[in-house]
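Here is a briefing on the fold of one protein chain, for a reader who has its sequence and coordinates at hand.

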Amino acid sequence: MTEAAELPSAPDVAREVFGDRFDDAVRYAELLAEAGVQRGLIGPREVPRLWERHLLNCAVLSEVVPEGVTVCDVGSGAGLPGIPLALVREDLKITLLEPLLRRTNFLTEVVELLGLDHVTVARGRAEEVMGSMPPVHVVTARAVAPLDRLATWGIPLLRPYGEMLALKGDTAEEELKSATTALSKLGAVGTSILQVGEGVVDPLSTVVRVEVGESPGGVRFAAKRAKAARTGRTRRRR
């Protein structure tokens, strides 16, 4: 068992960001610092900076998520950014998508403990759930993969004219340039780099936004999506 470092008290700004859900945010931070470290979901060295680098860094993503939409957090891991986003935005319907059982077990425990009725935990890889999971308005991700690879997993899960919001670091601009061709093939019609969290986090959180047109994932995924839909209708008739 790995001994976790001591979790610092929540900064004053966290109370403003999480509002009525502040106590739940504190409990989530405690769970990450305890069970999260013990189960290998987060490194013990991250505990002293859980608030600034993780919870608040993810919560400010809410600034660019539209109202009342469906969200899929791809490769959710320990629930970042999905759970902080859920704590500040109860208007969203969020699916935490994660392939590893030990992580989905942790996520399920957190969701139940915090009473996040607008959050669902799903086990699987993004490429496996297309067709079985309804397309969403927004896909989120953090520290999952380079942008070009992440896009091949996340964009096909979107509804037409949806968007992928990827929390990135200093490499955001470089990754976006490298992924231009891949994004175009996947049906992207617009990209931008956003800075969020003014007055909350320093440095600001960097978000890469990828907007899609009427065929998320491109032609190949449109055919795959149609086939999955036909299969689903056949199963329902039986």
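In this predicted model, seven strands form an open sheet of mixed pairing, in the order β3-β2-β1-β4-β5-β7-β6. The edge positions are taken by β3 (residues 119-123) and β6 (residues 188-196), each of which has a single partner strand, so that one side of each is left without a neighbour in the sheet. Direction ignored, neighbouring strands of the sheet are turned against each other by 20° on average.

- Strand β6 runs antiparallel to β7 (residues 205-212), and the two are joined by eight bridges.
- One of the residues bridged in this way is A188, whose partner in β7 is V212.

**Helix α5 on the sheet**
- Helix α5, which spans residues 101-114, packs on the sheet and touches both β2 (residues 93-98) and β3, with its direction at about 165° to that of β3.

**Helix α7 and its buried side**
- Helix α7 (residues 147-154) lies across β4 (residues 136-142), β5 (residues 158-168) and β7, and runs at about 145° to β5.
- Which residues of α7 are buried? L147, L150, A151 and G154 are, each having under 20% relative accessible area.
- Because these residues cover an arc of only 105° around the axis, they lie on the same side of α7.
- An α-helix has 3.6 residues a turn, so residues three or four places apart point the same way.
- The cover over the buried residues of α7 includes the strands β4, β5 and β7, together with the helices α8 (residues 172-178) and α9 (residues 180-185).

Conventions. Residues numbered from 1 in each chain as written. Predicted model: local features only at pLDDT ≥ 70, side-chain atom pairs only at ≥ 80, totals over all residues. Heavy atoms only, no water. Pairing = 2+ DSSP bridges. Helix = DSSP H or I, 4+ residues; strand = E, 2+ residues; numbered from the N terminus. Axes fitted to C-alpha atoms, helices over the stretch in contact; angles between N-to-C directions. Contact = heavy atoms within 4.5 Å. Buried < 20%, exposed > 50% of the residue type's maximum accessible area, 1.4 Å probe, protein only. Arc of directions from axis to C-beta.
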